[in-house]
Every structure is written in C-alpha cells, then in structure tokens.
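User: I would like to go through this model and ask what stands behind the terms used for it. Please set each value against its cut-off.

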Amino acid sequence: MSLDATSRRYLMCRPTYFAVEYKINPWMDPTAPTDADLAIAQWSTLRQVYLDLGHTVEEIPAVPGLPDMVFAANGATVVDGQALAVQFRDPQRADEAPAYASWLSRAGFEVHEAKHVNEGEGDLLLVGNLLLAGTGFRTTHAAHARAQELFGRPTVTLQLVDPRYYHLDTALFVLDEHNVAYLPEAFSPGSQAVLRRLFPDAVVATPEDAAVFGLNSVSDGRNVVLPVQATGLAAALRERGYHTIGVDMSELRKAGGGPKCCTLELREANR
Ligand code: ARG
C-alpha cells in the first residue's frame, strides 16, 4: 500500500513567554526550572520540519503573561473554513481564547462563539468525516453536541480516564482519513470498544510510547512527526509504510505538550 501525503496549513505560536507558572495537568511542576530559549529552539525545529514537508505555517503573535499559548491546538477547531472558538476550563488560559479568535477572524475564517468548555483540537479531532471528541477532563459533552451541529460531522464522544492523558490529543492521533493510533488504557472500557469497532486496523501504542507523548503526533497521511523518544511507536509506524520524523519537544513536555499540541490545522472551505 502506498500512503499519500496531503499538504496542510498550520497555525503555530512561538513560545516566547513559555514557562510553567501554574499546575493544571499532572506534567506541570511550577517549582522545576524551564528554559524558554530551549523551548523556542525545539519549536523552531518543529516548524522547519513542517516547512520542509511542504506545509504552510502561519504564526500567531505570542502574548506576554500567557505561557501556555504555544499550544495552538487548543486555540480553536477549524473545519470547512469555520472556526469553533474555545473556552478554557482554567482561568489561567482564558485570555488565549480571544487572541486566537481574533487572529482567525482576521485571517478570513468565520468564527463561532464557544458556549461550553471546549479546548479545541486538544479534544476534537477530525478523521475523514468523523469528529472524535474527548471528554472527562476538559471539553464537555455539550461542546461535542455544538461541534456536531456546527460542522455537520458525526461526532463520537470518547471518555478519557487517565489524568496524564487529559486531552484527546495526548492519547490518540489521526494517521489519515481512515485510521488512528491510540493508547487503549487512556479510555473507558466503552470508549475502547468504540475505537476497536471504528478502527480495527489502528496502531495500538504502548504505555511507554504514550508517556513520552508519542500519541501527540502529527501526520499528513504519510509523514508522521512524532517525539523522538517514542521509538517503539516509530518502528510500528514504519512497518505500516509511514515515514517517521522524530523531534525533541522535551522542554514543552514540562507543560504537558508535544508536537500536536503546538499545531492547529486550518482546514479551508474546499477540504
Ligand atoms: N499546559 C497546557 C494545559 O494543560 C498544555 C496543553 C497541551 N495541549 C494539548 N493540545 N494537549 O492546558
């Protein structure tokens, strides 16, 4: 089987003001030192990898006082040129929402207000014509229903159960229009059964690969950009014919993020 890449348009936010100043997930330790220059270097490498793959990368200016703004995946969900704005669970991130909404609106996307806690592509992932929707820690069921109405895509709620994998995009990533990779243990028994039914050929990851944020990866259908530490997962993907590119995001992991968290896909009206 030959796998086809499609070129993507991504939005990223340079981690100029990156730090771990509060704790809203188990990875964050505000007493441990962080290095914003190293975070910028790792982020810049990720950005260059996308450019080298032929993708377009847009950049939203970082805002002082918003150390988690680098996690652009949480800025919105964008499908068919329609952007569903976000509403963060935690007050520390609240001001990121209007920053992303106004950037998207200026870029020509139609922005729809969030009416419920909804952390964007952190929890809402499009696989072909299905929208996979995580809940349990951040994004609520009500936001899933709103996403289904707005995007007109069948929306499948998945229950997350492990606080380390608090966003869907830390436990599952989309490989192509038909398949995903995921960590079963991060989901409730019922949601594991749903995933088995929907994706019988899925790449099932190990706890070791998940613990280095291996499931926070970005695929264009052929090239998979994943944390360099996720070696078992990379081997499994190569066996399936994917081309893997390892990136080191160790500094951003201190805030609970990896490559996908730093990347928001901008899907225009014709795709
Ligand atoms: N510190 C951030 C938070 O807990 C990390 C967000 C990571 N983003 C993601 N898409 N998983 O909200």
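**Values and cut-offs**

Analyst: D80 is found in the loop between β3 and β4; helices (H or I, at least four residues) and strands (E, at least two) are DSSP runs, numbered from the N terminus. This is a predicted model, in which local features need pLDDT of at least 70 and side-chain atom pairs count only at pLDDT 80 or more, while totals for chains, interfaces and linings use all residues. Residues are numbered from 1 along each chain as its sequence is written, and side-chain values use heavy atoms, with hydrogens and water left out.

User: Why is D80 called partly exposed?

Analyst: Buried means under 20% relative accessible area, exposed over 50%, and partly exposed in between (1.4 Å probe, protein chains only). D80 has a relative accessible area of 24%, so D80 is partly exposed. Its phi is positive, about 55°, although D80 is not a glycine.

User: What is the phi of F213, and where is F213 found?

Analyst: F213 has a positive phi of about 70° and is not a glycine either. F213 is found in the loop between α5 (207-211) and β12 (218-219). With a relative accessible area of 1%, F213 is buried.

User: What makes T170 buried?

Analyst: The relative accessible area of T170 is 1%, which is under 20%, so T170 counts as buried. T170 is placed in the loop between β8 (155-159) and β9 (172-174).

User: Which residues does T170 touch?

Analyst: Leaving out residues up to four places away in sequence, T170 touches R164, Y165, F213, L215 and N216; contact means heavy atoms within 4.5 Å. T170 and A211 are 41 residues apart in sequence, and their C-alpha atoms are 9.3 Å apart in space.

User: How do you know that T170 and H167 make a polar contact?

Analyst: A polar contact is a pair of N or O atoms within 3.5 Å; within protein, one must be able to donate a hydrogen and the other to accept it, and residues adjacent in sequence count only if both atoms are side-chain atoms. A polar side-chain atom of T170 lies 2.6 Å from the backbone oxygen of H167, so the distance is within 3.5 Å.

User: Why is H144 counted as buried?

Analyst: H144 has 3% relative accessibility, under the 20% limit, so H144 is buried. H144 lies in helix α3 (residues 141-151). Its side chain is joined to that of T157 by a polar contact of 2.8 Å. Among the residues that H144 touches, not counting those up to four places away in sequence, are L124, A133 and T155.

User: Which residues of α2 are buried, and what do they pack against?

Analyst: In helix α2 (residues 96-106), the buried residues are E96, A97, A99, Y100, A101, W103 and L104. They pack against β1 (9-12), β2 (56-59), β3 (77-79), β4 (82-84) and β5 (110-112).
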